[in-house]
Amino acid sequence: MMWGAGWYGMIFGPLFMILVLAVVIAVAVLIVRSVGGPWQGTVPPHYPPHRTPVDILKERFARGEIDKNEFEERRRVLGE
């Protein structure tokens with residue numbers, strides 16, 4: 001009489017085990033995220049955190065893209 005009950009265990013047992021494992025992993029991820037604080041994205045090393053227009057102008061002058069007269073004129077226009 002009890003032969004049919006074993007089949008349900010064989011079908012739902014592995015599914016329940018996967019569900020429990022997924023819940024355990026989700027809880028672990030949530031704990032690690034809450035302890036670690038907010039995620040801080042890293043800035044690539046070739047991008048300075050804050051470049052002003054004058055910084056860009058100085059870089060262009062250093063690379064030789066603009067001459068001294070153009071550099072001075074554009075710096076005056078920018079207000080520095």
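A residue counts as buried when its relative accessible area is under 20%, as exposed when that area is over 50%, and as partly exposed in between, with a 1.4 Å probe and protein chains only. The structure is a predicted model, in which local features need pLDDT of at least 70 and side-chain atom pairs count only at pLDDT 80 or more, while totals for chains, interfaces and linings use all residues. Residues are numbered from 1 along each chain as its sequence is written, and side-chain values use heavy atoms, with hydrogens and water left out.

**View 1. The chain as a whole holds three helices and zero strands.** Helices (H or I, at least four residues) and strands (E, at least two) are DSSP runs that are numbered from the N terminus, and from that end the elements follow the order α-α-α. The mean pLDDT, which is the predictor's confidence in each residue on a scale from 0 to 100, is 83 for the chain, and 72% of the residues reach 70 or more. Confidence is lowest in α1, with a mean of 85, and highest in helix α3 (residues 68-78), with 93. Of the 80 residues in the chain, 5% are buried. The accessible surface, calculated by the Shrake-Rupley method with a 1.4 Å probe, where for residues only the protein chains shown count as cover, amounts to about 7500 Å², and carbon and sulfur atoms account for 69% of this area.

**View 2. A nonpolar patch on the surface includes V20.** Patches are built from residues with over 30% relative accessible area and no salt bridge, where like charges are joined within 9 Å and nonpolar side chains (Val, Leu, Ile, Met, Phe, Trp, Tyr) within 5 Å. The members here are F16, L19, V20, V23, V24, V27, I31 and V35, which together have about 760 Å² of accessible area. One of them, V20, belongs to helix α1 (residues 3-36), and its relative accessible area of 37% makes V20 partly exposed.

View 3. K68 is exposed at 52% relative accessibility, whereas E72 is partly exposed at 24% and R75 is partly exposed at 26%.

**View 4. The side chains of R60 and E65 meet in a salt bridge.** Their N to O distance is 2.9 Å. R60 has a relative accessible area of 25% and is partly exposed, and E65, at 45%, is partly exposed as well.

**View 5. One aromatic pair is present in the structure.** The ring centres of F61 and F71 are 4.9 Å apart and the ring planes stand at 25°, so the pair is stacked. The pair links distant parts of the chain, with F61 in helix α2 (residues 53-63) and F71 in helix α3, ten residues apart. Rings of Phe, Tyr and Trp (its six-membered ring) pair if their centres lie within 6.5 Å, and planes under 30 degrees apart count as stacked, over 60 as edge-to-face and the rest as tilted. F61 is partly exposed at 34% relative accessible area, whereas F71 is buried at 8%.

Notes:
A salt bridge is a side-chain nitrogen of Lys or Arg within 4 Å of a carboxyl oxygen of Asp or Glu.
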